[in-house]
Amino acid sequence: MKVSLSVASVLVFPFAFSPLSIAVAQETQSSQLDPIVVTATLGPRTVGESLASVTVVDEEEIRSKAPAEFSDLLRGQPGISVTGNGSFGKTTSVYTRGVQNAGTVLLVDGVKLHSATGGGAPWQYFPTELIERVEIVRGPRSSLYGADAMGGVVQAFTLDPEQGKRGWVEAGAGNFDTQKVSAGASASVGNTRFSLSGLHKESDGTAIVENGEDKGFRNTAGLGRVVHALDNGGEASIMLLQSEGNTEYEGGNIDYMIRTIGLGLMTPLSESWQMGIQFAESRDESESFSTYGESTYNTRLREARWDNTFSFDVHELVVGAELQQDEVSSSQNYSETSRTNTALFSQLRLNFGPVDAQLSLRGDDNEAYGTNETGGVALGYKMDRSHRLRASYGTAFRAPTFNDLYWPLSFNYQGNPDLEPEESESYELGASGNYQRWFWDLALYQMDVDNLIGSGQIGGVDTRVNVDEARIRGAEFGGGYEYNGWRAAVALTYMDPEDRDTGNQLARRTKQSARIDLDKAVNNFAFGGSVVAEGHRYDDAANTDRLAGFGTIDLRAGWDFAPNWNTRLTLANVLDKEYSTARYFDGRKYIAAGRTAMLSVRYDIQ
């Protein structure tokens, strides 16, 4: 399906990353099975036109599944594998196409959220209750987003209340002494919209290791947004999201806080020139209390980004610049506590009837690890109104973290300031079909990774070195069906993540996974279930510590029992399956929660 040029030409970064931009563009589409996405390119395109492997989780799906954690939305999706050190706010890692956790970028309304010390995003602390949409883009995107977008990009869009809705109140309770309450309100004055949402939840939790004690979790989160529509068709906005609380782990507990702030302006400068400016800051802060003492790790990312979109008939060119600064404040005495990155980027989007083409190029200059140039090219061919073929090539890189580079000498371990970034080349072939009631998408890919950062020794001291190479090959299939109240989705993944030096399977990656979601709405009732299955994995690089595969079943039901009132019941891991995706350092397995139930009641204020 083709995006209206009049819409596409006015929706640019940062406005392109707002839920409103998607909603406006989506009104021009005849099918929700080929939705508008903005993460795969630097502007709105349908999934088919993006020439990328994309999965969208919309508000209806999020509300229906009512996941306990953000990672539950990602688990089992095509190309995605999730590991965790237990349930209820415990350390979580997301592997996209076999790339380690630090190689997947998390964006929140266009703002990057990550830890500069440990690498990767704080998935376990992100409040699912305050988002309305998730876009999962698989494949290299460093030519658009810079460092770490090697495996892919996950973007969460926070709540932006619909016209006519003034707010909501929701409360719920479940086993493990779990309770939560959330509320939101919105209003508008002239061309300005305001919204405010909040959440509090806590749980006594469950044991996270074999023969361990229950480990609890507490979270309080808030979201505020102000959007002002300009008379010239542009938009100015400010968004603040903060999530904080405490989580217990084996041997201690952590006080944590994550925050994103984004200030954006989009304005047309002429009929063919749109400009976007964004200033943003994200924080990931933690203070740990354990038997080994107290430790603090606070990181802050500041960003300024300038985008310009030029339209030439059916073609578009995006050029821009970005300035980022990572800062670290810690109880550890890092030899360096900040680094600055400057970047120039561009993307050319061309259309020649049934043929679409995209070219992207970006150059990053980081004062810690030097310069990196990345690029991408993608071609798509629309065979008929329902079928597309695509092919793409892209390069990407993952930056070494402050822990990799500057960790002070401790217990015969020290960081290595001479580390180079991991670099990758990826090739992908894809085909898709989109029909009135159902769709499918198939992708085949290969990724070659050089300079993998692993463990080694320099001068008898343990450290991090560039030693390994990896080749990751895979196939992904996704499909969906919607008709007469039925909604179904299928995701299948086969992957071969190989360490080229040893021939072993990369640690903590599974080769096979499958997910099936099925829901049915009948009058005022809704029923559904999900099945997720994953193959075995190894907890170590030597492939001697095997963790068995597993399968889980989730069930859910909802009832709109009165005007603006509804109640939902979710049962996760119905068969009470005990499974593990990682192992504790003493050899015990980290175990996920067993059967989990949650009953909630919600009132929508019209």
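Glutamate 129 and lysine 180 are both buried, where buried means under 20% relative accessible area, exposed over 50% and partly exposed in between, with a 1.4 Å probe and protein chains only. Their side chains meet in a salt bridge at 3.5 Å, N to O; the term stands for a side-chain nitrogen of Lys or Arg within 4 Å of a carboxyl oxygen of Asp or Glu. This pair links distant parts of the chain, 51 residues apart: glutamate 129 sits in the loop between β7 and β8, and lysine 180 in strand β11 (residues 178-189). Helices here are DSSP runs of H or I with at least four residues, strands are runs of E with at least two, and both are numbered from the N terminus.

A quick word on the model, friends. It is a predicted one, so local features need pLDDT of at least 70 and side-chain atom pairs count only at pLDDT 80 or more, while totals for chains, interfaces and linings use all residues. Residues are numbered from 1 along each chain as its sequence is written, and side-chain values use heavy atoms, with hydrogens and water left out.

Back to the charges. How many salt bridges does the structure hold? The count is 44. One of them joins the side chains of arginine 97 and glutamate 476, at 2.8 Å, N to O. Arginine 97 lies in the loop between β5 (92-96) and β6 (104-108) and glutamate 476 in strand β25 (residues 461-483), so this pair ties together parts 379 residues apart in sequence. Both of these residues, arginine 97 and glutamate 476, are buried.

Next, arginine 305 and glutamate 322 form a salt bridge, with the closest N and O atoms 2.9 Å apart. Arginine 305 belongs to strand β17 (residues 293-312) and glutamate 322 to strand β18 (residues 315-330). Why do we call arginine 305 buried? Because its relative accessible area is 3%; glutamate 322 is buried as well, at 5%.

Now to the rings. A search of the whole structure finds 20 aromatic pairs, meaning rings of Phe, Tyr and Trp (its six-membered ring) with centres within 6.5 Å; planes under 30 degrees apart count as stacked, over 60 as edge-to-face and the rest as tilted. Phenylalanine 70 and phenylalanine 126 make an edge-to-face pair, 5.2 Å centre to centre and 70 degrees between the planes. Phenylalanine 70 and phenylalanine 126 are both buried. Elsewhere on your screens, Phe525, Phe527, Trp559, Phe561, Trp565 and Tyr603 form one aromatic cluster.
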